[in-house]
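The sequence and structure come first.

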Amino acid sequence: MGATSAMVFSALGAAYGTAKSGTGIAAMSVMRPELIMKSVIPVVMAGILGIYGLVVGALIGNGMDASYTLYKSFLDLGAGLSVGLSGLAAGFAIGIVGDAGVRGSAQQPRLFVGMILILIFAEVLGLYGLIVALILHTKS
């Protein structure tokens, strides 16, 4: 369940962030097609959330053997939920900020740096979940 939670929730967050930011890019590119490549940053940042879940899911899956105890299984469940739910929340934040930020920076280019800073703070929420998951997984 820990590996499943890590992958499913992180992938949901990454998918939502990608879809929401992608709609903003599509709407913005009608007026300013030269900014498309610059506006892909929120999509890339949302994709990284899926990688966090993949890493933790693979670690949990590889850690299962004949001596898998109930204690270790609950630690792995906590690790999976930690990275998964924080990835889901970060994906929601990246999607909303990416959509509004891309549309806004197309109209006012000075908003781009502010959008990137907010995206970094949203991405770090998923990173915090990854760190907690790695700490939980390494407990024996």
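## Order of elements

Read from the N terminus, the chain runs α-α-α-α. In this predicted model, the chain has four helices and zero strands.

## Overall dimensions and surface

Along the principal axes, the C-alpha atoms fill a box of roughly 60 × 20 × 15 Å. The chain has 140 residues, and 40% of them are buried. Its accessible surface is about 7,300 Å², with 77% of that area belonging to carbon and sulfur atoms.

Among contacts in the chain with a separation of 6 or more, 83% are between residues 24 or more positions apart.

## Helix 1 against helix 3

Helix 1 spans residues 2-31 and packs on helix 3 at an angle of about 0 degrees, the axes being 7 Å apart. An angle under 35 degrees counts as roughly parallel, so helix 1 and helix 3 are roughly parallel to each other. Sorted by class, their contact has 17 nonpolar, 14 polar and four charged residues.

## Helix 2 against helix 3

Helix 2 (residues 41-62) packs on helix 3 (residues 70-107) with an angle of about 175 degrees and axes 9 Å apart. The cut-off for roughly antiparallel is over 145 degrees, and helix 2 and helix 3 are therefore roughly antiparallel to each other.

On the helix 2 side, the contact is made by P42, M45, A46, L49, Y52, G53, V56 and I60. Helix 3 contributes residues including G80, G87, G91 and G98, along with A79, V83, A90 and I94. By class, this contact of helix 2 with helix 3 has twelve nonpolar, five polar and one charged residues. D76 of helix 3 is one of the residues in the contact.

Notes:
Residues are numbered from 1 along each chain as its sequence is written. This is a predicted model: local features need pLDDT of at least 70, side-chain atom pairs count only at pLDDT 80 or more; totals for chains, interfaces and linings use all residues. Side-chain values use heavy atoms; hydrogens and water are left out. Axes are lines fitted to C-alpha atoms, for helices over the stretch in contact, and angles run from 0 to 180 degrees between N-to-C directions. Helices (H or I, at least four residues) and strands (E, at least two) are DSSP runs, numbered from the N terminus. Angles under 35 degrees count as roughly parallel, over 145 as roughly antiparallel, 65 to 115 as roughly perpendicular and the rest as oblique. Contact means heavy atoms within 4.5 Å. Ala, Val, Leu, Ile, Met, Phe, Trp, Tyr, Cys and Pro count as nonpolar, Asp, Glu, Lys and Arg as charged, and the others, Gly among them, as polar. Buried means under 20% relative accessible area, exposed over 50%, partly exposed in between (1.4 Å probe, protein chains only). Accessible areas come from the Shrake-Rupley method with a 1.4 Å probe; for residues, only the protein chains shown count as cover.
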